[in-house]
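Please look through the sequence and the three-dimensional structure shown below before reading on.

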Amino acid sequence: GMSELASLFGATLCKGQPGNEVGTKAVLGSKEHVGILFGAAWSGSCKQFMEPLIKVYKKLVEEKGKAFEIVYVPATVPGRPPEDEASFKELLEMMPWLAVPLHRKNLHKRLTRRFQVRQIPMLVLLDSEGKTIHRDITPAVTHIIEDSDGDTFADQFPWAEKRNSNIKQMLGDTFLKADKTEVSINELSGKYIGVLFSATWHWQCRRFQQMLEYMYEKLIGQGKPFEIIDMDYSGDVPWLCMPQKAYEAKQKLGEAFRVEPCPMLVIIDPEGNVVTTEGVEIVNKDTDGECFPWTPKPLYDLSTLEPEILGEMNDTVTCVVLCEGCDDATKQKISDAMMPVAETAFEQAKLSGCEAGMLFFTATETSDVVEQLRVSCDLGAPSTTPQLVLLDIPDSGAYYVMDEQEINTEAIQDFLEDYDEEKLERKELVEDEEGAGEDQ
């Protein structure tokens with residue numbers, strides 16, 4: 001597991017002083033848990049968070065002797081200046097834990113992306129294998145300090161996240177059909193389950209329920225391994241419901257998914273892992289359930305887009321090779337070249353317990369989405385030469401185009417590395433649809 005952490009943070013980390021670097025394996029080798037603190041010296045809330053975190057850190061490490069360490073990573077936030085040496089030095093002097101050296105900017109960027117850091121401070125908790133146990137324990141730390149008997153909470157360390165736990169186990173053992181006959185969880189083995197949070201009195205929920213019934217009937221009619229479990233009992237639904245007495249389980253599930261918008265549909269796989277929390281979006285776009293079971297893939301085709309992924313492009317760095325004008329052999333070659341790069345990112349995401357930090361697409365046919373991309377990135381008409389473009393929409397619509405060269409696995413890896421090291425020419429998407437063809 002140690003090499004996993006070393007490959008995550010690089011060979012050395014610094015402590016106390018910028019130049020004081022120590023070997024990653026040596027300092028993290030004996031640790032059972034490692035927290036990654038994403039922050040920035042310019043952020044007031046990060047400075048505020050330091051005080052409670054230092055208290056908790058000392059309590060865990062010094063008083064309770066836990067094998068725990070924290071590694072600080074300067075987060076790269078679009079539109080914000082990178083950390084400067086003076087403020088980094090100041091932070092290091094405050095922090096009793098380690099940090100990724102300031103000069104490793106490309107690593108800051110990769111980690112920020114890999115752990116989908118959207119706001120700072122953010123504290124991710126990993127086990128010794130580098131697997132994420134909790135996406136963000138910032139609230140937990142604050143809670144310990146505010147809690148007069150903070151000790152009880154520190155004793156519960158490491159705080160595993162509810163939604164990483166097995167959802168199937170949280171559901172309970174029996175469910176009811178509309179006619180109140182009981183169905184045991186064992187009858188659902190091998191099935192994908194949609195966990196439905198909805199309110200029958202709410203018009204949006206009622207409308208969604210009609211669409212969901214249509215898809216449900218279709219999938220069941222095709223003999224697909226699918227079932228829905230409604231959090232509330234209702235006598236007029238074709239699927240299963242939680243029994244009324246299971247209020248404790250319902251409350252736990254509600255907390256695990258922070259159910260605010262209603263309706264919400266969470267899809268879990270037969271093992272009980274979350275496939276997606278965007279079930280509502282899926283039902284709205286994939287009305288016939290053609291893309292069942294909606295499990296994420298390393299590489300997608302932008303022309304025949306699976307609906308659940310389109311929304312993610314807007315907040316995820318996306319790598320697309322457009323090859324609509326190429327012959328089938330070239331298209332296959334492009335897909336083969338991208339697959340190893342895409343699979344690496346995909347596996348890392350699984351380990352990190354989040355969505356992929358980068359999405360990978362080929363575009364093999366013309367479609368509205370693909371044409372819009374060509375226009376927005378000023379790529380011209382499709383030709384027999386494939387074109388690689390990297391979209392970073394969260395960064396004010398930034399994009400980067402690869403110079404014409406043969407696109408193989410190594411070339412793609414080099415291009416992504418150059419992106420992390422900020423060596424590429426940055427362009428911005430054309431906002432104005434009318435003026436899309438003109439120079440801005």
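This is a predicted model: local features need pLDDT of at least 70, side-chain atom pairs count only at pLDDT 80 or more; totals for chains, interfaces and linings use all residues.

Which residue is the bridge partner of Tyr399 in β20? The partner of Tyr399 is Lys427. Residues are numbered from 1 along each chain as its sequence is written, and side-chain values use heavy atoms, with hydrogens and water left out.

Strands (E, at least two residues) and helices (H or I, at least four residues) are DSSP runs, numbered from the N terminus. Two strands are said to pair if DSSP finds at least two bridges between them.

Strand β1 (residues 12-15) is antiparallel to strand β2 (residues 21-23), with 3 bridges between them, and Thr12 stands opposite Gly23 in β2. These strands form a hairpin with 5 residues between them, and Gly16 in the turn has a positive phi of about 75°. Strand β1 also pairs with strand β5 (residues 98-99), in the antiparallel sense and over 2 bridges; there Lys15 has Leu98 as its bridge partner in β5. Towards the other end of the order, β6 and β7 run antiparallel and are joined by 2 bridges, with Leu125 opposite His134 in β7.

The next topic is the nonpolar core, a set of buried Ala, Val, Leu, Ile, Met, Phe, Trp, Tyr and Cys residues joined through side-chain atoms within 4.5 Å. Buried means under 20% relative accessible area, exposed over 50%, and partly exposed in between (1.4 Å probe, protein chains only). The largest core has 26 residues, and Trp97 is among those with the most contacts inside it, as are Leu37, Leu53 and Ile70. Two or more residues come from each of α3 (44-63), β4 (68-74), α4 (85-94), β6 (122-127) and α6 (138-146), and α3 gives the most, with 7 residues. Leaving aside its neighbours within four places in sequence, Trp97 is in contact (heavy atoms within 4.5 Å) with residues including Lys15, Met50, Tyr57 and Glu69.

Finally, consider Thr385, in the loop between α14 (368-376) and β18 (387-392). Is Thr385 buried or partly exposed? Thr385 counts as partly exposed because its relative accessibility is 30%. Beyond its neighbours within four places in sequence, Thr385 is in contact with Cys326 and Glu404. Thr385 and Glu404 are 19 residues apart in sequence, and their C-alpha atoms are 8.2 Å apart in space.
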